[in-house]
Amino acid sequence: MDDLLLDPLDIELLVQLQRDCHATNQVVGERLGLSASQISRRIQRLESLGVIRAYVALLDPAILSLAVRSFTHVTLARHGGEEGAVFERDIAAFPEVLDCYSIAGEADYLLQIVAASLHELSESVLRRLTRLPGVVNVRSSIVLNRIKASTELPLAHIGRPEGRERRVRLVQRPT
């Protein structure tokens, strides 16, 4: 696989876009010392490489009456074969499940779930979840208070020499 080459301006552009993807190319260009057209070309390149996957609006769940959040561990009866694939297909149909991760440890999956109330979480989501084929254990932790939440990926590691190969390399481009 070829290395993905990013220069310091690409990294700073990604930082800026993570913070405000609605900023105009002109505004971002002023922050980075580039023209709007240079910003546009860089964004198009990063999109075509798959570095930028999408632009989204982050909604406030509490304002939208989704104030209950849980992290739920799910254990399946068997770890191999079709059981996992069936669970993954079925869980995709749960709009309340924001994230589903296959994990190592005591459980097989970790879900982040939002709901309007504890009753809805219990009756609507967890009850349906326990009825999925192969599910033998469901254990939830209810979030009391969110201390930190971010969608910004840390990018400071790119270009730092650590003695191992990286897929992403920082390059210095001539100005």
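Predicted model: local features only at pLDDT ≥ 70, side-chain atom pairs only at ≥ 80, totals over all residues.
Biologist: Which residues of H3 are buried, and how do I read the pattern?

Modeller: General idea to begin with: an α-helix has 3.6 residues a turn, so residues three or four places apart point the same way. Here the buried ones are Ile39, Arg42, Ile43 and Leu46. They span an arc of only 100 degrees around the axis, which puts them on the same side of H3. On the face turned away from that buried side, you'll find the exposed residues Arg41 and Ser48.

Biologist: What covers the buried residues of H3?

Modeller: The cover includes strand S1 (4-6), H1 and helix H2 (25-32).

Biologist: Let's take H1. At what angle do the axes of H1 and H3 cross?

Modeller: For H1 (residues 8-19) and H3 (residues 36-48), the axes cross at roughly 85 degrees and come within 11 Å. Angles of 65 to 115 degrees count as roughly perpendicular, so H1 is roughly perpendicular to H3. H1 brings Leu9, Asp10, Leu13, Leu14 and Leu17 to the contact, while H3 brings Ile39, Arg42, Ile43, Arg45 and Leu46.

Biologist: And what classes of residue make up that contact of H1 with H3?

Modeller: Seven nonpolar and three charged, with no polar ones.

Notes. Residues numbered from 1 in each chain as written. Heavy atoms only, no water. Axes fitted to C-alpha atoms, helices over the stretch in contact; angles between N-to-C directions. Helix = DSSP H or I, 4+ residues; strand = E, 2+ residues; numbered from the N terminus. Parallel < 35°, antiparallel > 145°, perpendicular 65-115°, else oblique. Contact = heavy atoms within 4.5 Å. Nonpolar A, V, L, I, M, F, W, Y, C, P; charged D, E, K, R; others polar. Buried < 20%, exposed > 50% of the residue type's maximum accessible area, 1.4 Å probe, protein only. Arc of directions from axis to C-beta.
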